[in-house]
Amino acid sequence: MQIIHTIEALRAWRKEAGSVALVPTMGNLHEGHLALVREAAKRAQQVVVSIFVNRLQFGQGEDFDRYPRTLEQDAAKLANEGVAVIFAPDERELYPHVAQQYNVEPPNLQNELCGAFRPGHFRGVATVVAKLFNIVQPDFACFGKKDYQQLAIIQGMVADLNFNLQIVPVDIGRAADGLALSSRNQYLNTAERAQAPQLYRELQTIARAVEAGSRDYAGLEKQAVANLSQAGWQVDYVEIRHAGSLQVAHVGDSELVVLAAARLGSTRLIDNIEIRL
């Protein structure tokens, strides 16, 4: 396995690499990331994992400075998975002008759901992912469904801007108690970690109600927010959306997704569950 730090070296490697699947990450890898790597390995001859903590997608007061940088540990995990290349550029390599002068601007979906609470986040995500696609030139790129809104925006960007690759959505990795795997879970204290699976349980309750015939989407959302708030969560949103477009769900939609974001202590968690009627 090679660790490559420059665009020039990565492009030189790419010329001889055959088919490539990319897994973009910010590092601090956990089992959820490794599931993406294993899916990538099924698709292509070579797997590239990018590790880059992208300043553009962090808002004011968010955890950019304290986000763990664990390249040595990450490399050991990826070597065990047979990854060909870790692409780990420094900030100056990806952003030579410091401030990115040209950005990828997603549609208005970027300002809804998580975007309503993290202004500019999805612009930062789309911009760095577009740069990685242009640098790595992958045939496939694997993204987890936990970041469901991110996945939808990346899929839209690939379609609209004619990137020559296939996006591979990968199911959410979960702990035994249902908590979605996330690098931010490590910020939870013992009591918060024990409480954290409640977020997924509320989504399951909504899914069961919808599958049983309830179409009172607003009522189901309101009850979940109330349940979480009473347990001490600070809820950003719980919403039922159309799974394809992420537009507000309507009665008659057969493919739905329930999405939620809420803070437990100082840690913001997101989760979702898909519903097929």
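Tutor: A salt bridge here is a side-chain nitrogen of Lys or Arg within 4 Å of a carboxyl oxygen of Asp or Glu, and by this rule the side chains of Lys145 and Asp171 form one, with 3.3 Å from N to O. This is a predicted model, in which local features need pLDDT of at least 70 and side-chain atom pairs count only at pLDDT 80 or more, while totals for chains, interfaces and linings use all residues. Residues are numbered from 1 along each chain as its sequence is written, and side-chain values use heavy atoms, with hydrogens and water left out.

Student: Where in the chain do Lys145 and Asp171 lie?

Tutor: Helices (H or I, at least four residues) and strands (E, at least two) are DSSP runs, numbered from the N terminus. Lys145 lies in the loop between strand S5 (140-144) and helix H7, whereas Asp171 lies in the loop between strand S6 (166-170) and helix H8 (190-195), so that the pair, 26 residues apart, links distant parts of the chain.

Student: Is Lys145 buried or exposed, and what about Asp171?

Tutor: A residue is called buried under 20% relative accessible area, exposed over 50%, and partly exposed in between (1.4 Å probe, protein chains only). Lys145 is buried because its relative accessible area is 17%, and Asp171 is exposed because its value is 57%.

Student: Which residues are linked with Lys145 in a network of salt bridges?

Tutor: Lys145, Asp171, Glu274 and Arg276 are linked in such a network. Within it, Lys145 forms a salt bridge with Glu274, where the closest N and O atoms are 3.2 Å apart.

Student: How is the chain divided into domains?

Tutor: Domain bounds come from an automatic or database domain assignment, and here they give domain 1 (2-170) and domain 2 (185-276). Contact means heavy atoms within 4.5 Å, and the contact takes 17 residues from domain 1 and 17 residues from domain 2.

Student: What area is buried between domain 1 and domain 2?

Tutor: Buried area is the accessible area (1.4 Å probe) that two parts lose on being put together, summed over both. Between domain 1 and domain 2 it is about 1,600 Å², of which carbon and sulfur atoms give 54%. Leu113, Phe117 and Tyr148 supply 41% of the area that domain 1 buries against domain 2, more than any other three residues.

Student: How many salt bridges are counted between domain 1 and domain 2?

Tutor: The count between domain 1 and domain 2 is 2 salt bridges.
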